[in-house]
Amino acid sequence: MKALPKVFLRMVMNKEMHRFLWLWLPLLVAAVQICLELLLPAQTLSVLHSESGPHELLQFFIIFAALIVFATMLRKINFKQAPWLGAWVGIATLSCLYVAGEEISWGQHIMDWATPDYWSNVNDQGETNLHNTSSWLDQKPRLILEVGVVIGGLIIPFLMRVKPHALPKRFAIIYPAGTLCVTAGIFLIMKIVDKADALGIQFFERGSEVQELYLFYFVLLYCLELRKRLASKDGASEG
């Protein structure tokens, strides 16, 4: 069982598989989602986006995979030499743990237990999670992630190409790869399109759920790239 994460990482780091993951898969998912929105009735789409639907489960598995990768990275970091890097990966690990747990209400969506009365009174949807109790535990963290995806996936790669000296070299190892611009770009387009709802034009039944897929997928691609860099750095140090 311990060998499974290593096998998975070797597989996704294969050159052709890596290209499929950052380029073709995000585009394919977007195309499939558009087809579903156009062809399926609203009632069916509502079921797909429900708390126990495939979108929610896929979101959980994506962010849980990122959690595992980040957690394995912690063992490879020399906290004395780079405490800021350890803090970065540590915060990312805890953030993924929070999001993964919240996505399934810490197991309630799977085990289907009843929410205690005292918690139902403070939770908007009567679930055993935190994000439905306050915007500071829901919209605010999501906004931070959205801004991070736009900056990390679009702005930083752009600066690295046209004005690399504007970015501190000290933090180069954590800068997102330019390949993540595909996922970040699709997310941003979907975010803008979803805002058209305010004009009375609805393109997605639940646009926020579709956007979360790309937000979490961005995190997964980022942690895979970061782990690859750390492994290369360790290899260079040993050599």
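Reader: In which loop is W106 found?

Author: This is a predicted model in which local features need pLDDT of at least 70, side-chain atom pairs count only at pLDDT 80 or more, and totals for chains, interfaces and linings use all residues. Residues are numbered from 1 along each chain as its sequence is written, and side-chain values use heavy atoms, with hydrogens and water left out. Helices are DSSP runs of H or I with at least four residues, numbered from the N terminus. On that basis, W106 is found in the loop between α5 and α6.

Reader: What is the phi of W106, and is W106 buried or partly exposed?

Author: W106 is not a glycine, yet its phi is positive, at about 55 degrees. Buried means under 20% relative accessible area, exposed over 50%, and partly exposed in between (1.4 Å probe, protein chains only). Because its relative accessible area is 41%, W106 is partly exposed.

Reader: Is S105 buried or exposed?

Author: S105 lies in the loop between α5 (83–103) and α6 (108–111). S105 also has a positive phi, of about 50 degrees, although it is not a glycine. Its relative accessibility is 0%, so S105 counts as buried.

Reader: How many disulfides does the structure hold?

Author: A disulfide is a pair of cysteine sulfur atoms within 2.5 Å. C96 is in no disulfide, as the nearest cysteine sulfur, that of C223, is 6.7 Å away. For the structure, the number of disulfides is 0.

Reader: Is C96 buried or exposed?

Author: C35 has a relative accessible area of 43% and is therefore partly exposed. C96, by its relative accessibility of 4%, counts as buried.

Conventions:
Helices (H or I, at least four residues) and strands (E, at least two) are DSSP runs, numbered from the N terminus.
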